[in-house]
Amino acid sequence: MKQNKNKYFGLFLIAAMAFSLQSCLKNNSFYTDFSKGSPAVELPLAAVHTNQPFAVSLDVSTAPTQYYVVVNVASVNKPTSTVTATVALDSNYLNTYNAQQDAAAKQAQAAYLAADTTHKVTDSNYPADYEPYELMPDSTYSISSLEVSIAAGHREDSIPIQIFTSKLDAGHVYVLPFTIVKSSLPISNWNHLLLNIGAKNKWDGIYKVAGDFVHPSYGDKIWYFSAGITKT
């Protein structure tokens, strides 16, 4: 009988603690009730990378390579009606981003020189200049439509892009800048996607190094390093 009482008391204690923690979380300044959030349209990759550039490395091919820009409905429940959105190539956002990064690099350089009179621009620790991203030339890609339609009961639709990798110049750092400009739902803050698209070089791959090592103190117990590098 005493064991049953202890068992019930333990269950009561666990339930009380759970309720207490839930109450504390709701009163906490960091608590967010997502169930009351309004649905919004966003670019998932923009959300993951906080509107910063996202690198995409593609194999070089004579045939076009297809890539997809996904548009997502961020909501507690799936939409009950069709959601439409329009995405645009936004060179102004790219220019603004480049200007901000260049200003930050120059500020870091000035701060480095001001921190110590012995600091020079030739120092190895001197902050590097910012290398701006370039807008991808029209000849390197093709987009048939920038409109998306997300059906009721679904969360995503995507925009297919044809990338002509053989036309990408390895000496340039290209970006395709996308921004959601119109939607039947409110637009999220994560609506700027900077796709940093590049072509892989012939040495790109995953490498495995195989071999053996030797130390004079151990005689012939350990073999000499002998193998090369194999690309997989």
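Asp102 and Lys106 lie four residues apart in helix H3 (residues 91–115), and are therefore separated by about one helical turn; helices here are DSSP runs of H or I of at least four residues, and strands are E runs of at least two, both numbered from the N terminus. The structure is a predicted model, in which local features need pLDDT of at least 70 and side-chain atom pairs count only at pLDDT 80 or more, while totals for chains, interfaces and linings use all residues. Residues are numbered from 1 along each chain as its sequence is written, and side-chain values use heavy atoms, with hydrogens and water left out.

The side chains of Asp102 and Lys106 meet in a salt bridge, with an N to O distance of 2.8 Å, the term denoting a side-chain nitrogen of Lys or Arg within 4 Å of a carboxyl oxygen of Asp or Glu. A search of the whole structure finds one salt bridge. Asp102 is partly exposed, its relative accessible area being 27%, and Lys106 is likewise partly exposed, at 48%; on this scale, buried means under 20% relative accessible area, exposed means over 50%, and partly exposed lies in between (1.4 Å probe, protein chains only).

An open sheet is formed by four strands in the order S1-S3-S8-S6, with antiparallel pairing, where two strands are taken to pair if DSSP finds at least two bridges between them. Strands S1 (40–42) and S6 (141–142) stand at the edges with a single partner strand each, so that one side of each is left without a neighbour in the sheet. The pairing of S1 with strand S3 (residues 65–74) is antiparallel and extends over three bridges, and Glu42 stands opposite Asn72 in S3.

Strand S4 (residues 83–89) contains Thr86, which counts as buried at 17% relative accessibility. Apart from neighbours within four places in sequence, Thr86 is in contact (heavy atoms within 4.5 Å) with Leu146, Glu147, Thr179, Ile180, Val181 and Lys182. S4 and S7 run antiparallel and are joined by four bridges, with Val83 opposite Ile150 in S7. Within strand S7 (residues 147–150), Val148 and Ile150 make up a covered face, whereas Glu147 and Ser149 make up an uncovered one. In a regular strand the side chains alternate between the two faces of the sheet.

Val173 is located in the loop between strand S8 (156–163) and strand S9 (174–183), and counts as partly exposed at 23% relative accessibility. When residues up to four places away in sequence are not counted, Val173 touches Glu131, Tyr133, Glu134 and Asn196. The C-alpha atoms of Val173 and Asn196 are separated by 7.2 Å, although these residues are 23 residues apart along the chain.
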